[in-house]
Amino acid sequence: MDSTLSTRWILACKRQWLAYQLLAKLLYAIAITLLVYTFTSFFAAPPWWTMLPICFLSFVFLVLVSGILKIGQKDMVTMLDVCYPELEYSSSLLLKPTDTLALLQQLQVNKLNKLMPQLPKDRLEHHKTLYRPFASLLMAFVLYFLATHYVVPHFGNDRASKESASGGALREEALPPAAIASTKIEIRPPAYTGLPIRQQAHFSVSAPEGSGIALHLTTNTVVEQVFLLLDGKGEMKMVRRADDSLQWSLTFKPLKSGFYQLGLNDELSAFYPLEMLPDQPVAISVDSPASHTLIDVGFPQKINLNALLRDDYAIRDAQVLATISSGKGESVSFESREIPLNKTINGQTEVALKQEINLKELGMKPGDELYFYIKANDNAGQESRSDVFVVALQDTAELMSMTGIVSGVDLVPEYFRSQRQIIIDIEKLLAEAPSLDKNEANSRSNNLGVDQKLLRLRYGQFLGEESEGDIGGGHEHHDGDGHDHGEGESEVPVSVEVLMDQLTHHHDNAEDATFFDPQQKAQLKATLSEMWNSEMRLRTYKPQEALPYAYKALRLLKELQQSSRAYVGKTPSKTTPLKAEKRLSGDLEEIAAASTQYQPFKEPTNAEAQRVLQATLSYLSSLKSNKQLDEKGSALLRQAERSIMAAASNEPAKYLGALKAIRQLEEGDGKNNLADIQVVEKAIQELLPNLRRQPSRTAGANDNLYDHYFERINRK
Amino acid sequence: MTLSHILFLFVAFAVLVYMLVKENKANSRVPLALRYVASIFAVLALLLLMFPVTYRVSVGDDGHEQQLRILTKGMPGQEIRQLIGQPFVFSADSALSALHGIQFIEDWTSFSAQHPGATIAIHGLGLTTAQLQALSGHPLNYHAAPIPAGFVFCDWPQHITSSSELLVQGTYHNLTDEAVKITLLSASRSVDSVTVPPKGLHLFNLTYGPKQLGNALFGLAATSGGDTLYQEQLPVTIASPERANVVLLAASPSFEHKFLVNWLQEMHYGIAFRARISKDKFSVSYGGGMKGNLSSPLRAATFDGVDMLIADEAELIALSPSEQRLIAGAVQSGMGLLLLAGDAKGASLLGRAFRFAAPRNAAADGLVEMSASLGRHFPKLNLPVSKVIDAASDQQTLLHMDRQAVAATLRYGRGRITATTLMNSYAWWLNGDQEPYAQLWSLLADHTLAKMGKQVYYGHGPRFPTPFVWSEIVLQLPEEDTEIAIEGQFYPTLQHATIPSLYQLSFRPEQEGWHTLDAQGAGKSHFYVYGKKDWQSARDYAMMQATEYFARKHAYPEALPKDDLARDMTEKEVPKWIYFLVFLAASSVLWYASRGYNQNVI
């Protein structure tokens, strides 16, 4: 016998052992994964595939920790020696090179080579290594089963109950009548929606508005007639198929949401909801520009249009429609045009418009205004429009004009003219700049800056800023400002009062002590900051850049000035001529006492139905404890059912559950579970409006003791 | 148990484990078992120092010979066990007597006769009125049980109209360490709620404008952290509001009157409105089926069938003295008068009942905020308050403005007069605040209109009638021999002992739920019989208070302090020095065992 055979036999044994060990670890890993899954399902419902990496990781971990991969042939041989006494603890000799063996060892090796292949492999009993892993897996599985079936449903009670509450009555599918063997409902949405024809076997229908609904029923017995009752009033007969008396069909097109019932012979089924989902027009939301944009002189004459159009089925087309108004007064002219879109629209459900509109290209001049809106149509032909957005270009000529200033209420004419003068000077400087020496131009720019500064400081006085360094703060006292600082102050304060005088102010805040209201003040501040921007650029020899700020300052000033005006139109009046002989005579003889009769207020039409609902609500509260529906209760429930039915035809999702519950109450004679009563109560409570307080005589007994006492006194 | 206590327990446990492990490993001549015991005792002594043990001892009523003790429900078991061996202990509760073998008192009259003059100590929740009456000849002492947890008191109107508010007021005894949410339930839905803080007795108010009509059951639930602790039922009979006939007399047409008339018309009230437009010239309007003659001078027939007169004080002053007396007579015989004081100078005959004063300080912006009882606030109103009411003791103030009354009411014969200095409440209506407008005028009118007075059912004793317990129903009947049937069965009535216009009947209900009381010819009334377990805390607390009141009236001559249970049963603490000694001894053993010469070093 060849020694390689023996070695192979050992290797085979090892491979087999390793395979069993790996299998055992895999079983452990699956058990661990099951436990992890069970535990996590208490808090969340993880998708099953998240368990795969957990299983893999735990398998790798178990294999590495157990060190089975490190087991070498030597260890294997030791194990074989233990399991097979026949090997006489000498199988390790097989691993040694033959030439290193002593004679006795060689003899033993030969003996082993003969013996080994005949040894039964089952004595290694590998399968026993799988007992524990299997048991662990079984236990893990049992735990998983118990937890997911019995514990988790209760643990996540809130979640489940919330879901069921939100689902409401619609999700709870009412059972079909017993006589119906099978149902097929075909919903054909309108072609424009692009939705496929849908078939369903359950009765609650939810379809796009305008859908055709084909109802095919198979009854299990022959019935005389089958009809469909829409909203409890509209009856439609179903048609029996000519070749099969058990097959019935009906095609109809519901106009609005509601509910329906099936009638087999004279028996009505439960209520089934019929929800028609209306097609919404295109929703247009515009992010930019703002509803009113003013582009000042010197700023780029373009706007960015960012808008999002969204529809539930498809957008057919969209346009940006613009109107440009130019001119003033009687010479105003309008020009309408469509601004082409940079995106093609052909049936998307969502379109994001990102477009730059160049006002110059539209032919807009300073002073012109652009009005535009977005119009979109969906494929049902519904049109929707966005708000109108206004973009105005600042007109410099308008700003510079003196119209209205000479004659109007002139708050600050002198200064205002100065700002205008500065702009004229800047423009003059810019015009002459190419022919001027650089130093000369810079010097003129700087001088203009000084003028702008002076103007700013003069305006600052209106805001109570008394000196250059004190914009908005700081304080200096001057002679004659009403503050007594004491003459000849020494370094050391003479008294505490003097010391306090130095540290505190005894008068109002200068900023508040002006004639302007807060809004005017805010605008003045904005003007000052524009003036400051202009000044900064003039002083840094950039008159071109200063010009827009100077214009802006001028515009703000003009607005400020105009905001203080008010206009009251003339109203003509014509009085009745007085009779001089009757005046101041005090004679009222001819004046009769006026007597009028008020028109009676009409009682709301549903007042009686409301009173029934109110009484039903009271009755149900008692029914909860005595659980016995009497005749009065049945009558009330029947009347209340009518009101709920009317409500359910408008909002089936909200009231259909109550309608079913009221049926069950009637059928169960009051011996129903509390849930039914609560559902009906909730619906009635929602149907009833809040009653307004009204005075009423207290529904109580008289104060007998007091009355008795009063009577006794009167008697005496 | 606080967090520090829990931490201390943990640390003590950890120390004990450490000591036991250490002793297990250590070599010592002292036997391991002894070391274990010493370790356990040491830690236990430490624990007991932290949490001392107390025990209750009975001090006894040494001075009183032959004191009878009557044990009732609600008495702590520990106290009962301490009293079992003593002589003259009886029980008023059959369950207690069966459980502890205490003699049960069946016949209270003979019990009282058997022990003439004996002093009696009542323990627990107390006795019923009939039982207490039987003991009236004895000096009594009452050892009250702890106040039960839950709704110990609750009151609400049992008859209201559907346009008025249901007001529930009560007291909740919270024994837990957590806040409890009290919810008013209508149709199984929460309509108002309030949270009471942990520990102690807390008052609560809940309101709701009911949507029901007829006999309705509302719910009152106490919940804490998702658990429902108590749930009780509030039976209320809700009637449709009755329409009233109103006459308005105005010194001049005004917006206030215009809006008031419109509002009254909306409710289909009968209205007759007269506004003076010049001297002896009036503008008169009628509506809602009212017909009358408001021409000057007013006649007695003008006020026939009128429920309320709303009149300007200036107009009343302008009326002749005979007309004023006519109005006063109508009010005395039951009509309500709502007096709009405004800024009239002088006082009319009925206006003299109120004293008006200048307001202390007017609001700077002219806006005033008014509040009614229960802290109900109205939105701010531009109200030129020229005067406020200096309410006398017989006048009930209804509306306040900066703690000064702007509306008050008083009784005047059978009717009521309500005066208000409010002037332009219609500003609310213009602002769209119709609700406060309706609330305010309803409040004023409710206190001016006389009660319906048609109700047959007047009251019930006990407050919560239960099946198989006798209860007294008090009725007001138009005639003495009116037949009374409850659920179709006739009952005899007796005239009330103190108020001759009232009658009472004894009734023993056999089932819970609504009962209909039919007074032949005088209409029907409804009342509710509660379940055996309903309002248990409130019933117990009521019994405790009744017993306490009775016992105070029949106390010992040398009466013990009211809450004498503490003296009777005192709590004593095991002295701490014992634990300290045990700790010292155990530590000594452990110390001795750990010495080097005691260790078996191999």
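Predicted model: local features only at pLDDT ≥ 70, side-chain atom pairs only at ≥ 80, totals over all residues.
Residues are numbered from 1 along each chain as its sequence is written, chains are lettered from A and ligands numbered from 1 in the order in which they are written, and side-chain values use heavy atoms, with hydrogens and water left out.

For the complex, the predictor gives an ipTM of 0.71 and a pTM of 0.57. Taking contact as heavy atoms within 4.5 Å, 50 residues of chain A are in contact with 73 residues of chain B. The area buried between the two chains, that is, the accessible area (1.4 Å probe) lost on putting them together and summed over both, is about 5,600 Å², and carbon and sulfur atoms give 51% of this area. In chain A, the residues that lose the most area to chain B are Y598(A), R693(A) and R697(A), which together account for 17% of what that side buries.

Across this interface the rule finds 17 residue pairs in polar contact, both residues being at pLDDT 80 or more; such a contact is a pair of N or O atoms within 3.5 Å, and within protein one must be able to donate a hydrogen and the other to accept it, with residues adjacent in sequence counting only if both atoms are side-chain atoms. On the side of chain A that touches chain B, at least two residues each come from β21 (594-597), α13 (607-626), α16 (674-687) and α17 (704-715) of chain A, and the largest share, ten residues, is supplied by α13(A).

Chain B also holds an open sheet of five strands in the order β4-β3-β2-β5-β6, with parallel pairing. Its edge strands, β4 (103-104) and β6 (140-144) of chain B, each pair on one side only. Strand β3 (residues 89-91) of chain B pairs with β4(B) in the parallel sense over two bridges, and S91(B) has F104(B) in β4(B) as its bridge partner.

Key
Helix = DSSP H or I, 4+ residues; strand = E, 2+ residues; numbered from the N terminus. Pairing = 2+ DSSP bridges.
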